[in-house]
Amino acid sequence: MSDRFNIDIRGTGVALATPFKKDFTIDFDALGRLVDYQIDNGVDYIVVLATTGEAVTMTWEERREVASFVARHAAGRVPLVLGMSSNATVFLCEQLRKMDFAGYSAILSVVPFYNRPSQEGILRHFSEVAQASPLPVILYNVPSRTGANMDAATTLALAANYPGKIIGVKEASGRIGQIREIIEKKPDGFTVLSGDDALTLPLVAMGAEGVISVVANALPARFSRMVRLALEGRFAEAGAIDRPLQPLYRYLFADGNPSGIKALLAEMGLADDVLRLPLVPVTEPTRKALASALAALPDFI
């Protein structure tokens with residue numbers, strides 16, 4: 001386990017895509033190039049093997065290989081966060097105790113999916129995760145995918161019960177009132193992050209402190225600058241960057257994530273447009289819309 005970073009999860013984290021070859025094996029050459037591209041273009045940290053990384057279509061051995069490769073390739077240039085999630089609490093805790101976290105500074109863990117646990121179940125799940133994980137934990141709430149929303153009261157209870165261990169939440173519920181409540185009532189040292197690129201600017205204006213982003217895979221410099229300007233309170237300048245990106249945000253998710261970002265990365269020559277079933281590439285109309293939205297972006301300064 002690396003102690004190189006006392007991780008600060010404010011700013012822009014990128015939810016790193018995992019490139020695949022045409023035979024569906026992991027394309028480590030493209031993965032290395034994508035890591036370099038993020039670092040060279042100013043993201044604050046990289047999140048490996050989360051939703052955008054297609055971890056759910058990988059074996060645990062493949063996940064270990066990707067995690068190890070990214071840690072070696074990044075070589076301490078930015079902090080790293082590792083996605084560690086399951087809907088079986090005991091199994092996840094076993095994996096947390098066995099995983100080699102060398103090079104990583106925190107984990108990102110999603111609300112258990114498919115089971116649709118109660119708030120008490122979510123609370124007890126993350127309590128076990130916090131105790132099993134050797135690294136700080138970032139909670140991830142995305143009810144559109146998991147089928148269960150983590151209420152503000154549950155998030156706040158976890159933050160209060162595990163200070164310094166549960167360090168933040170990636171909020172992708174789209175429930176503005178809920179997110180506002182967490183921001184207003186959270187304890188010191190607990191960070192609220194946007195889980196939705198399109199809502200990042202308004203959420204920062206409300207008091208969120210950053211984002212774990214999808215679009216930053218393709219546009220790390222542009223998007224990171226928007227977030228930094230917003231965090232500095234320079235909302236007019238941030239808005240000038242954000243507004244032209246809104247069509248791109250929309251088309252990125254039109255046919256699901258990471259299908260949209262894989263299409264955009266292919267359009268930019270950064271990775272092949274290959275996903276593992278049940279995920280498939282975007283439709284041709286969406287592909288054309290993404291290319292048009294990318295071409296319409298103004299010059300970035």
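This is a predicted model: local features need pLDDT of at least 70, side-chain atom pairs count only at pLDDT 80 or more; totals for chains, interfaces and linings use all residues.

Me: In which element is isoleucine 46 placed, and is isoleucine 46 buried or exposed?

Reply: Isoleucine 46 is in strand 2. Its relative accessibility is 0%, so isoleucine 46 counts as buried. The C-alpha atoms of isoleucine 46 and alanine 15 are separated by 6.5 Å, although the two residues are 31 residues apart along the chain.

Me: How do I read the side chains along a strand?

Reply: In a regular strand, side chains alternate between the two faces of the sheet. In strand 2 (residues 45-48), Tyr45 and Val47 point one way, while Ile46 and Val48 point the other way. All four of these residues are buried.

Me: In which sense do strand 1 and strand 2 pair?

Reply: Strand 1 (residues 11-15) and strand 2 pair in the parallel sense, over three bridges. Valine 14 has isoleucine 46 of strand 2 as its bridge partner.

Me: What does the side chain of serine 109 reach?

Reply: Serine 109 is found in strand 4. With 0% relative accessibility, serine 109 counts as buried. Its side chain reaches the backbone oxygen of methionine 84 at 2.7 Å. Not counting residues up to four places away in sequence, serine 109 touches Met84, Ser85, Leu92, Phe126, Val129, Ile138, Leu139 and Tyr140.

Me: Why is helix 11 described as largely enclosed by the rest of the structure?

Reply: Count its buried residues, taking buried to mean under 20% relative accessible area. Helix 11 (residues 259-267) has nine residues and seven of them are buried, so it is largely enclosed by the rest of the structure. The buried ones are Ser259, Gly260, Ile261, Lys262, Ala263, Leu264 and Leu265. Their cover includes helix 1 (28-40), helix 10 and helix 12 (284-295). Just after helix 11, glycine 269 takes a positive phi of about 75°.

Me: Which residues are buried in helix 6, and what covers them?

Reply: In helix 6 (residues 152-161), the buried residues are Ala152, Thr154, Thr155, Leu156, Leu158 and Ala159. What covers them includes helix 4 (119-132), strand 5 (137-141), strand 6 (166-171) and helix 7 (176-185).

Me: What is the volume of the second largest pocket, and which residues lie nearest its centre?

Reply: The second largest pocket has a volume of about 360 Å³. Among its 20 lining residues, Val142, Ser144, Ala172, Gly195 and Phe253 lie nearest the centre. Helix 5 and helix 10 (235-252) each supply at least two residues of this lining, and the largest share, three residues, comes from helix 5. The lining of the second largest pocket divides into eight nonpolar, eight polar and four charged residues.

Note on methods. Residues are numbered from 1 along each chain as its sequence is written. Side-chain values use heavy atoms; hydrogens and water are left out. On a 1 Å grid over the protein atoms alone, a cavity is a set of points where a 1.4 Å probe fits but cannot get out, and a pocket is an open set with protein on both sides within 12 Å along at least five of seven lines; lining residues have an atom within 4 Å of a point. Grid points are joined across faces, edges and corners, and a volume is the space filled by probe spheres set on the points. Helices (H or I, at least four residues) and strands (E, at least two) are DSSP runs, numbered from the N terminus. Ala, Val, Leu, Ile, Met, Phe, Trp, Tyr, Cys and Pro count as nonpolar, Asp, Glu, Lys and Arg as charged, and the others, Gly among them, as polar. Buried means under 20% relative accessible area, exposed over 50%, partly exposed in between (1.4 Å probe, protein chains only). Contact means heavy atoms within 4.5 Å. A polar contact is a pair of N or O atoms within 3.5 Å; within protein, one must be able to donate a hydrogen and the other to accept it, and residues adjacent in sequence count only if both atoms are side-chain atoms. Two strands pair if DSSP finds at least two bridges between them.
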